Each structure stands twice: as C-alpha cells, then as structure tokens.
Amino acid sequence: MRHSITKGDDLLDKIVLEFPEYRREIATLFNKSIDFIEVCEDYMVCMNSISQLQKTPHLKDKKRMNDLVAASIELREELLSMI
C-alpha cells in the first residue's frame, strides 16, 4: 500500500501518541520498515473499530467487540516486539 505523506505523518503521530516512550524507535522503524507500517495501520484500524463500536453498543456486537479486543492485543504485542 502506498502512503501519502499526510496519511503517513498522521499514522506516525497516532502511533507515537499510543507509545510515547518509544518515539525515537517508532520514527526510525516507520522510515525503514513497510512491515512495521502495516502493523501500525492494522493496529489503528482495530483501535478505531473498537472506539466506533463502543459508541453504539448492542448485545449482538459483543462477540465482534471481543474479537476486536483480542486482535488489538495481538497487534499491540506484535508492534512492541518490532520495536
């Protein structure tokens, strides 16, 4: 996936806000690793989906929420393991 500068900068900013203690490492990886960027994208999509689902909670969405939370934990661990 090609990233526009604005989209890439926005994603970088969001990831740094999530993990401010790793600001330098994140910036370095963001400029060197497409795999890292893809994990960051997946993590942010997952977190945004959780946020949206929390705004309109329905009983039928409970399984989806559980799946998203599990995925976010896995993505967070993968992201941190890359740092």
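Aspartate 67 forms a salt bridge with lysine 63, and their closest N and O atoms are 3.0 Å apart. The structure described here is a predicted model. Its secondary structure comes to 4 helices and 0 strands, and along the sequence the elements follow the pattern α-α-α-α. The protein has 83 residues, of which 30% count as buried. The points below are grouped by topic.

**Salt bridges**

- The count of salt bridges comes to 2.
- In the pair formed by aspartate 67 and lysine 63, both residues lie in helix α4. They are 4 residues apart, about one turn of the helix.
- Aspartate 67 counts as partly exposed, because its relative accessibility is 42%. Lysine 63 has a relative accessible area of 56% and is therefore exposed.
- Lysine 14 forms a salt bridge with aspartate 10, with 3.5 Å between the closest N and O atoms.
- Lysine 14 and aspartate 10 are separated by about one helical turn, because they stand 4 residues apart in helix α1, which covers residues 5–18.
- Lysine 14 has a relative accessible area of 35% and so is partly exposed. Aspartate 10 is likewise partly exposed, with a relative accessible area of 38%.

**Negative patch on the surface**

- A patch of negative charge on the surface gathers Asp35, Glu38, Asp42, Glu74, Glu77 and Glu78.
- Two helices, α3 (34–55) and α4 (62–82), each supply at least two residues of this negative patch.
- Glutamate 74, one of the patch residues, has its place in helix α4.
- Because its relative accessibility is 56%, glutamate 74 counts as exposed.

**Cysteines**

- The structure holds 0 disulfides. In general, a disulfide is a covalent bond that joins the sulfur atoms of two cysteines.
- Cysteine 40 counts as buried, because its relative accessibility is 0%.
- Cysteine 46 also counts as buried, with a relative accessibility of 6%.

**Buried residues and their positions**

- Isoleucine 26 lies in helix α2, which spans residues 23–32. This residue has a relative accessible area of 0% and is therefore buried.
- Isoleucine 26 and cysteine 40 are 14 residues apart along the chain, and their C-alpha atoms are separated by 9.8 Å.
- Methionine 44 is found in helix α3. Because its relative accessibility is 9%, methionine 44 counts as buried.
- Methionine 44 and lysine 14 are 30 residues apart along the chain, and 8.0 Å separates their C-alpha atoms. Within this pair, methionine 44 is buried, whereas lysine 14 is partly exposed.

**Helix α4 in review**

- Helix α4 (62–82) supplies at least two residues of the negative patch, and glutamate 74 has its place in this helix.
- Helix α4 also holds aspartate 67 and lysine 63, which are joined by a salt bridge.

Conventions: Residues are numbered from 1 along each chain as its sequence is written. This is a predicted model: local features need pLDDT of at least 70, side-chain atom pairs count only at pLDDT 80 or more; totals for chains, interfaces and linings use all residues. Side-chain values use heavy atoms; hydrogens and water are left out. Patches are made of residues with over 30% relative accessible area and no salt bridge: like charges are joined within 9 Å, nonpolar side chains (Val, Leu, Ile, Met, Phe, Trp, Tyr) within 5 Å. Accessible areas come from the Shrake-Rupley method with a 1.4 Å probe; for residues, only the protein chains shown count as cover. A salt bridge is a side-chain nitrogen of Lys or Arg within 4 Å of a carboxyl oxygen of Asp or Glu. Lys and Arg count as positive and Asp and Glu as negative; His and the chain ends are not counted. The place of a charge is taken as NZ of Lys, CZ of Arg, CG of Asp or CD of Glu. Buried means under 20% relative accessible area, exposed over 50%, partly exposed in between (1.4 Å probe, protein chains only). A disulfide is a pair of cysteine sulfur atoms within 2.5 Å.
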